[in-house]
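Open the model in your viewer and keep the selection tool at hand. Each stop below tells you what to select and what is there.

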Amino acid sequence: MIYCMYYPTKTVGKKRGTVMIYTDNAATTPISPSAAQTFTKCLNEVYGNPSSLHSIGQKAAEVLFEARQTVAQCLNCQPREIYFTSGGSEADNQAIRSAAHAGKKKGKLHIISTSVEHHAVLHTLDRLKDEGFEVQLLEVGETGLVTPQQVADAIREDTCLVSVMYANNEIGTVMPIAEIGEICRARGVTFHTDAVQAAGHLHIDVSKQNIDMLSLSGHKFHGPKGVGVLYARKGVALESLIDGGAQERGKRAGTENIPAIAAMAQALKEACSEMDEVARQETAIRDRIIQGLSEIPHSILNGDRDKRLPNNVSFCFEGIEGESLLLMLDEKGICGSSGSACTSGSLDPSHVLLAIGRIHEIAHGSLRLSLSKYNTMEEAEYIIKTVPGVVEYLRSFSPLWKDKVSGKNPFILK
Ligand SMILES: Cc1ncc(COP(=O)(O)O)c(C=O)c1O
C-alpha cells in the first residue's frame, strides 16, 4: 500500500491510508519544507516595507537583496538583471511586450515563436497582432521540436523578437535553446525563452545559452504560487506592465511580496543544488512508466523520446476520453492531467497535441503524468499496474472502440 508519497506525513483529499500519488507537477508542485519554512519565517518576522528607510524596512530590503542574489547565481547573471513578478504569465507578458515595443520604435514588427508555446505567450502574441505586429509561429515536427535552422531561416531584417520555450509543459519536449540563442545573438535579435517548466529539471545558464530574457514561475519548482522571475539582460529594453512606485527599478510597481520572493529563491537554490540527482531519479521513474504504458495497445507516446524533460510522461490512448481517464485514476489515487492545467476546463483538444499531428479523436484521449523529487519507483509500479486496467475498462463501454474492434472504423494507432 502506498501512502501519500509526496508528503509523507499528510494525505491530500483522501482518507489517511488510501493511495495518493501526485503526478501533476507540471500544473504545480507542493512547496518544499525549506521554502515553506522561509515563507512563514518572513511572514512573521520580515513584515517591513523594503522601501521604508527605518531598520524594519531595511531588514525586508536585505531579504529582497539576498533573494535577488540567490536567483541571479542560479541563472548565472547579475542581480540587477532579475525582476520579480507575480509568476510565469506576467514574466512572459512583460518580456514579449517589451521586446516587441522596443522593436516597433525601430520599425521592426516581425516576431518569431512556435505553435506549441504556453497560452501566456500565444495570447500575448495575439494581442500584438492587433497592434500591427506580424507573428510567425514555427511549425514543430512530430516530436514537438523546432530546429535552430528553422529559426535561422525565419529571421528577417525586421525581426524584433524570437520567443521559444525551453521545455514544453504538455509533452515535455526540450528545445535547442542554446543554439537558437546563438543564432539570435549573431543576428542581433532579442531572444526570450519561457523556462517555466525547465527550472529545477534542466540547467539554466543565461550567459552560456545566449538568452536575453527568461521567465520562471515559483510554484513549478517547489516554491510558492503567485511569484515568478523575469530575467532581462542588461541593455535589453524593459517596459513596465504595472505603473506606480519605483519598485524593481521602476519596471514593476507594487510593494514586494517578500515571503513569496524569499521562499521562491530558497526553492530555486535547493532545486539547482540537487538537480542532477533529482533528474537521475526522475528519469529512471519516467522511463519505467513510459515502458509500462507503451505496452497498452493502440497508444502512443507524445513528445521526443530522448529530448524530453526528466519528469514528463505524456500518452494518447485511442478510443477513450482523457477526462474520464483522469477521474477514474483519481478514484484510484493517481492525480494526473489530460493536458495543461490552464486549459483543463476547456473541451477543445490541446493545441500542442494538434501541433504535433494528433487528430482530434486521438488528442482527446491524452494523459500527462509529471513527476517531482517526491515520486518513487514504487509509485511508478502502481501506475503501470493501474492505468492499463482503467484504459481497458473505459474502452469496454465506448461505442467508438466497439466500432474499431468490429472493423467498422479503422484503428489509428498501432
Ligand atoms: C510553460 C509555461 N509558461 C507559463 C506558465 C504560467 O505560469 P504561472 O502559472 O506562474 O503564471 C506555465 C504554467 O503552467 C507554463 O507551464
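Select helix H4 and the elements around its buried residues: helix H3 (88-105), strand E3 (110-114), strand E4 (134-138), strand E5 (159-163), strand E6 (190-194) and helix H10 (351-355) pack against them. Packing here rests on contact, meaning heavy atoms within 4.5 Å. Helices (H or I, at least four residues) and strands (E, at least two) are DSSP runs, numbered from the N terminus.

This is a predicted model, in which local features need pLDDT of at least 70 and side-chain atom pairs count only at pLDDT 80 or more, while totals for chains, interfaces and linings use all residues. Residues are numbered from 1 along each chain as its sequence is written, and side-chain values use heavy atoms, with hydrogens and water left out.

Stay on H4. Its buried residues are Ala120, Val121, Leu122, Thr124, Leu125 and Leu128. Buried means under 20% relative accessible area, exposed over 50%, and partly exposed in between (1.4 Å probe, protein chains only). Now check the length of H4, residues 119-130. At 1.5 Å a residue, its 12 residues should span 16 Å, and the end C-alpha atoms are 16 Å apart, which agrees. The expected span is 1.5 Å times one less than the number of residues. Step just past the helix to Gly132, where phi is positive, about 100 degrees.

Next, select the ligand. Which residues come nearest to it? Of the 13 residues around the ligand, they are Ser89, Asp194, Gln197, Ser217 and Lys220. A residue counts as near if one of its heavy atoms lies within 4 Å. Show the polar contacts, pairs of N or O atoms within 3.5 Å; within protein, one must be able to donate a hydrogen and the other to accept it, and residues adjacent in sequence count only if both atoms are side-chain atoms. Asp194 places a polar side-chain atom 2.6 Å from a nitrogen atom of the ligand. For Ser217, a polar side-chain atom lies 2.6 Å from a ligand oxygen atom. Lys220 also has a polar side-chain atom 2.6 Å from an oxygen atom of the ligand.

Zoom in on Ser217. This residue sits in strand E7 (residues 213-217). Is Ser217 buried or exposed? Its relative accessibility is 3%, so Ser217 counts as buried. Leaving aside neighbours within four places in sequence, Ser217 is in contact with Gly88, Val196, Val227 and Gly228.

Now colour the largest nonpolar core, which has 69 residues. Such a core is a set of buried Ala, Val, Leu, Ile, Met, Phe, Trp, Tyr and Cys residues joined through side-chain atoms within 4.5 Å. Leu75, Ile82, Phe84, Val162, Ile204, Leu214 and Leu216 touch the most other members. Helix H7 (residues 258-273) gives the most to this core, with 10 residues. Domain 1 (21-30 + 275-405) and domain 2 (33-273) both contribute, so the core lies between them. The domain bounds come from an automatic or database domain assignment. Apart from this core lies another, of 27 residues, including Leu293 and Ile334.

Asn76 lies between helix H2 (55-75) and strand E2 (82-85). Its phi is near 60 degrees, a positive value in a residue other than glycine. Asn76 is partly exposed, at 40% relative accessible area. Glu248 lies in the loop between strand E8 (228-232) and H7. Phi of Glu248 is also positive, near 50 degrees. Glu248 is buried, with a relative accessible area of 5%.
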